[in-house]
Amino acid sequence: MDRRSTRIAALGSEADLRRRAMLDRRDFLRLGAGAAVAVAASGLLMDRAMAQSPSAAAGSPATQEFAGTTLDLIGLAGEDGKVELEQWRSDRGVTLATSPFSSWDETFAKLKTDTFDLALVANPYVSLWGKAGVLTPLDLSRLTNWESMFPALKEADFLRDEAGNVYAVPIAWGDGPYIYVPERVPTPPTSITDLLDPAWKGRLVTWDDPLLIFHQLAVAKGYPSPNLTTEQLADIQADARTIVSHLVAFNSSYEDATDYMVRGEADLAIGGWEAMVNQAAAKGTTLDFSFFTEAHGGGWSDSLAIPTNAVDVDAAYAYIDAMISPEVNAQVATNLVSGTVNSLSVPMVDPSALIYDYGIVESTTSPIKFEAWTPPLGAPDGMATKADWDAAWAEIRAG
Amino acid sequence: MTTAVPAGGGGGSRRRSVIAATPLAPAVLYFLAFLVGPLVVLVVFSVFTFRDLQWLPELTFDNYVQALTDLSYRAIVLRTLGVALAVTSIVLLLAYPFSYIATFVFPRRRQVVFFLVLVTLFGSYLVRIYAWRTILGAEGVINATLVGVGLIGEPIRGLLNSPLAVGIALTNFLVPLAVLPIYSAMQNVSPALLEASRDLGAGRWQVIRGVALPLTMPGVRVAAAFTFIAAASDFATPALLGGAGGRMAGGAIQREFGTTLNWPLGAALAITLIGAVVLVIGGIWWVLGRIGR
């Protein structure tokens, strides 16, 4: 027999080949079990990898007060202390697991259904969510850095319910600019009502949320937002419908709004952030910011809160206290290009991030009030509730 | 001659049926847990009351009344069904000829062609949406080409952030989905039947209309259902490509669940949309059945 025939004979008949090529049932079950174990193990490994582990070179044994603790935080990347509190976590044996969200509004649903130790909450939502029972009233005596916080933030109404319970601690703040393309907007508007001009058609982007638009229009008309009558709401709705008809699209993030202007598809973003100027500059586009007259009633402030179903409450308090400490909060403000909340932090903030007027937060009578713009959940007849605002916006969005 | 049935033969037959059906148990459990179960939860939520950001087990049909009678929601559902119907029609008009050509005109290449169609389904859905933003945008491929060759002086702004963009993207995404069942149905059509009809004097269109289409109608119906359901329930494509005007049902439902937190109303809207989709699909199947006779 030649060599080729010998090899073929050694392989066996075609039936043998086919049988060997096919998995028998036992092999299939073995493979399947192995695959299932591998998938489960990789899932566990991935879960642990996504958590921020303490560095291998752990800090002094004397400060490992929360050794083995994992803090589950729902919040925005960059505002979770991942970078700023890395050493702090290492010293105390804390692991941080951040769950990102795509909008403030989805956070509420997740807080109701999942367990978190910390939650990042925007100023329109703090007292609302506190009243809804998803946030814990805070014991401020456990926050050693609370007293050095700027007065306008420390005393802000948006942190409290009617009984005076404080539900969150500010970690950053900003004012409420709009961002525009100076090359295509030589004369920036001064009032949100300027955007009712048909010349703005197809040139605007903003958030898919009624709070900002309705609130600013209400202020422009002299209405006591957010406590409006149904007639006032209907009046505002008509103007809001005009502004929405001038929109190119609703942006899903600050970066998204920046990209619309960088691509030349929009000229102005309502509800912007100064950091967008830097984002656009990195892409070769010049943006600028300015303020509507009405926006000086609409600063923003993001706060850390402890959900009612938090597990590691002690570690959560310590984490918040660390976030508002002078050195750490100066770093937060630098990294976010936001205002620092601690009056002792200002000298430590990088000059490139000192773009805000700190007179805003040094007094409780400042022109920018970090208000809770959310309308009341319940109201007497004739007054508009949150449900009425949502329904009015749904009508606008229905086209 | 009758055959006597042994005593207890009926019980034995039933036992054999149970034993034969046992391997189906995992699939049935999976179906119950991950399809029926969530639907039941949705139905239960839809009759809850929403008050002060709380979901209260105070049973009510007010959510369905609002979903069916509120003019804004009615407009949204009708718009959604209209867009989905238009997209389904265009998709079928593209997918059927493609499948026919792949099966009968290039029979030796059909597996390659089929694989190329499948490959488009492997990509991330979100990446493909953003790809269309790049193509249709003011500085996108189309506008850059038209401006570059001098056909237009300024970019066409209405390509993106418009219902047109939503229709184009959905059609692009769903044609491969429609090709799958139609192509599968065509594998069961013997080319000999088509050849025989041609031998008997049928023209090309008669062959397709009178022979191929009736035999492949089950696949066409499945393709229509897949496409319509996917188009009617999509919310990412309208959100990212549709601009600020004309919200669709998926976006409205997402807003109730994620923004206004009115889960009972969101559930009622979802159930209403399911019912409307089922009715429309029934209508589509009836029409296709008439066409396929």
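Modeller: Let us start with two helices: H3(B) passes H13(B) in a right-handed crossing. Please keep in mind that this is a predicted model.

Biologist: What makes a crossing such as that of H3(B) and H13(B) right-handed?

Modeller: The term applies if the near helix is turned clockwise from the far one by less than a right angle. H3(B) and H13(B) fall in that class.

Biologist: Which residues meet where H3(B) and H13(B) touch?

Modeller: On H3(B) they are Asn63(B), Tyr64(B), Gln66(B), Ala67(B) and Leu68(B); on H13(B) they are Pro264(B), Leu265(B), Ala268(B), Leu269(B) and Thr272(B). By class, this contact of H3(B) with H13(B) has seven nonpolar residues, three polar and no charged.

Biologist: H13(B) also crosses H4(B). How do you know that H4(B) and H13(B) are oblique rather than parallel?

Modeller: Their axes cross at roughly 40 degrees and come within 11 Å. To count as roughly parallel, an angle has to be under 35 degrees. The angle of H4(B) and H13(B) is therefore oblique. The crossing of H4(B) and H13(B) is right-handed.

Biologist: What meets what in H4(B) and H13(B)?

Modeller: Tyr73(B), Val77(B), Leu81(B) and Leu85(B) of H4(B) meet Leu269(B), Thr272(B), Leu273(B), Ala276(B) and Val280(B) of H13(B). That contact divides into eight nonpolar residues, one polar and no charged. Leu269(B) and Thr272(B) are also among the residues that meet H3(B).

Biologist: How many residues does each chain give to the contact between chain A and chain B?

Modeller: Chain B gives 21 residues and chain A gives 23. On the side of chain B, helix H4 (71–105) and helix H12 (249–258) each supply at least two residues. H4(B) has the largest share of that side, with three residues. The side of chain B that touches chain A holds eight nonpolar, nine polar and four charged residues.

Biologist: Now chain A. How is it divided into domains?

Modeller: Domain 1 covers 61–173 + 299–357, and domain 2 covers 178–297 + 374–397. The centres of these two domains of chain A, taken over C-alpha atoms, are 27 Å apart. Six residues from domain 1 and six from domain 2 make their contact. The domain 1 side of that contact has five nonpolar residues, one polar and no charged.

Biologist: What makes E2 and E4 of chain A edge strands?

Modeller: They belong to an open sheet of five strands in the order E2-E1-E3-E10-E4 (chain A), with mixed pairing. Strand E2 (94–99) and strand E4 (169–174) of chain A each have a single partner strand, so one side of each has no neighbour in the sheet. On average, neighbouring strands of this sheet are turned by 20 degrees against each other, direction ignored.

Biologist: How do you know that E3 and E10 of chain A pair?

Modeller: Pairing needs at least two bridges. Strand E3 (residues 118–122) and strand E10 (residues 300–305) of chain A have four and run antiparallel. In one of these strands, E10(A), Asp302(A) is the bridge partner of Ala122(A). Helix H12 (residues 313–323) of chain A lies across E1, E2, E3, E4 and E10 of chain A, at about 65 degrees to E1(A).

Biologist: What is the strand order of the other open sheet of chain A?

Modeller: The order is E7-E6-E8-E5-E9 (chain A), again with five strands and mixed pairing. Strand E7 (247–250) and strand E9 (288–290) of chain A pair on one side only and are the edge strands. Leu204(A) stands opposite Leu268(A) in E8(A).

Biologist: Where in chain A is Pro226(A) found?

Modeller: Pro226(A) is in the loop between helix H8 (210–220) and helix H9 (230–245) of chain A. The peptide bond joining Ser225(A) and Pro226(A) is cis, with omega of about 5 degrees.

Notes. Residues numbered from 1 in each chain as written. Chains lettered and ligands numbered in written order. Predicted model: local features only at pLDDT ≥ 70, side-chain atom pairs only at ≥ 80, totals over all residues. Axes fitted to C-alpha atoms, helices over the stretch in contact; angles between N-to-C directions. Contact = placed C-beta atoms within 7 Å. Nonpolar A, V, L, I, M, F, W, Y, C, P; charged D, E, K, R; others polar. Domains from an automatic or database assignment. Parallel < 35°, antiparallel > 145°, perpendicular 65-115°, else oblique.
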